[in-house]
Amino acid sequence: MGINFALSSPKKKTQTEKTNYNKFEFDWRTHMKTSTKRTILAAAISSACLLTAMPSYAEGSFTANASATSNYIWRGLTQTVNEAAVQGGIDYAHESGFYAGTWASNVSYESDDIYSYEHDMYFGFSGESEGIAYDFGYLYYNYDDEANFDFAEVYGTVGMGGLSLTVYLLAHTEADEGENQDFGFAQASYTSLDYSMEILNGTELGFHVGYHEGDFAEAFNGVEGYADYGVSIAKDGFSFAVTGTNLDDDGADALDNDAVKFTVAYSMDFEL
C-alpha cells in the first residue's frame, strides 16, 4: 500500500522467550496502510467514500495494490531486519463510507526466527462532515501460527486539511501475558499526528510523529514505550522517507531501531 514503516527489534522471539522477557503505520502504505497507510490502513480509499446508502457490492468498487520497499518500517521500527519487502493487498470501498480489505508483507526480526509473513485484515467506515474527515475501524494482524502472537486494534482518525490525528488501541491478542503484564483492551496504544501538503506539481510532502506504549507493545516490539518521527516525499508511486525514534543506543538492539533510517519504495494501484 505505498511506503511502510515498521519496527523490528528483539520482538520476534519465541513465545517462551517473550513470556520470560516480561512491531508512518508510520504506515505510508497507501494506508503504506497505509498502511498502514498508516494511515489509517484504509487511507488510500477513504477519500472516495461518501455517506449515502448501506453497503452493496453493486455500488462499491474493488482495488488492488502492490509495492516494493527497501525496508518495511512500522511505527518507526523495521519489520524486515532492515532489508527489502514485497507487499500487496485488495480493498473494497462502498460509497456509504464502508471499506474492508486485506494486505500482506514478508517480515523477519532475526535471521533464523519463525516469522515469515504479516497478513492484515481490516474494515471500517470513513467520511467527511463540515470539513472534518473521519475514519474508524478494526484491524487484525496475523503472523505465522508458530509465533502465537496475532493481535487486533481498533482505531480512529480525525483530520482537517492536511492535518490528522490517529489513535490505535489494542483490542485483543492470542499472546499470553507474562508476569505483571496486562494485555487487556486499550492497555496498549499508538497515537500519531501527521501533516501532508502538496508541493511542486503533485509531489506530496509528509511529516509524522507518533508514540507507542503499553505492556503488549513492549512485549511485541522488544522495547519500552518510545516515540517515532518521520519525513516523506512521494510522487507518481515513488516514495522516499527518513524515519527515526528516541530509543537509546544501548547495544542491545541488533536491528538498529535507534538509528535514523532511509527508505525508498514504489507502489501501484489497480482497478478490479
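1. Ground rules. Residue numbers start from 1 along each chain as its sequence is written, and side-chain values use heavy atoms, with hydrogens and water left out. Since the model is predicted, local features need pLDDT of at least 70 and side-chain atom pairs count only at pLDDT 80 or more, while totals for chains, interfaces and linings use all residues.

2. Salt bridges. The structure holds two of them, where a salt bridge is a side-chain nitrogen of Lys or Arg within 4 Å of a carboxyl oxygen of Asp or Glu. Arg75 and Glu153 make one, at 2.8 Å from N to O. This pair ties together distant parts of the chain, 78 residues apart: Arg75 sits in the loop between β4 (73–74) and β5 (77–78), and Glu153 in strand β10 (residues 151–160). Strands here are DSSP runs of E, at least two residues, numbered from the N terminus.

3. Buried or exposed? For burial, under 20% relative accessible area is buried, over 50% is exposed, and in between is partly exposed (1.4 Å probe, protein chains only). Arg75 is buried at 0%, and Glu153 is buried at 5%. The other salt bridge joins Asp236 and Lys235 at 4.0 Å, N to O. There, Asp236 is exposed at 62%, and Lys235 is partly exposed at 33%.

4. Take a look at Lys261. It belongs to strand β16 (residues 261–271). Lys261 is buried but has no salt bridge, and the nearest side chain of opposite charge, Asp256, is 5.6 Å away. For charge, Lys and Arg count as positive and Asp and Glu as negative; His and the chain ends are not counted. A polar atom of the Lys261 side chain does lie 3.1 Å from the backbone oxygen of Leu255. Leaving aside residues up to four places away in sequence, Lys261 touches several others (contact means heavy atoms within 4.5 Å), among them Asn71, Thr78, Asn82 and Thr243.

5. The strand run. Strands β12 (residues 188–199) and β13 (residues 203–214) run antiparallel, joined by twelve bridges; two strands pair if DSSP finds at least two bridges between them. Ala188 has Gly214 in β13 as its bridge partner. The two strands form a hairpin with three residues between them, and Leu200 in the turn has a positive phi of about 50°. On to the next pairing: nine bridges join β13 to strand β14 (residues 226–235), again antiparallel. Here Gly206 is bridged to Ser232 in β14.

Notes: Helix = DSSP H or I, 4+ residues; strand = E, 2+ residues; numbered from the N terminus. Polar contact = N/O pair within 3.5 Å; in protein donor to acceptor, adjacent residues only side chain to side chain.
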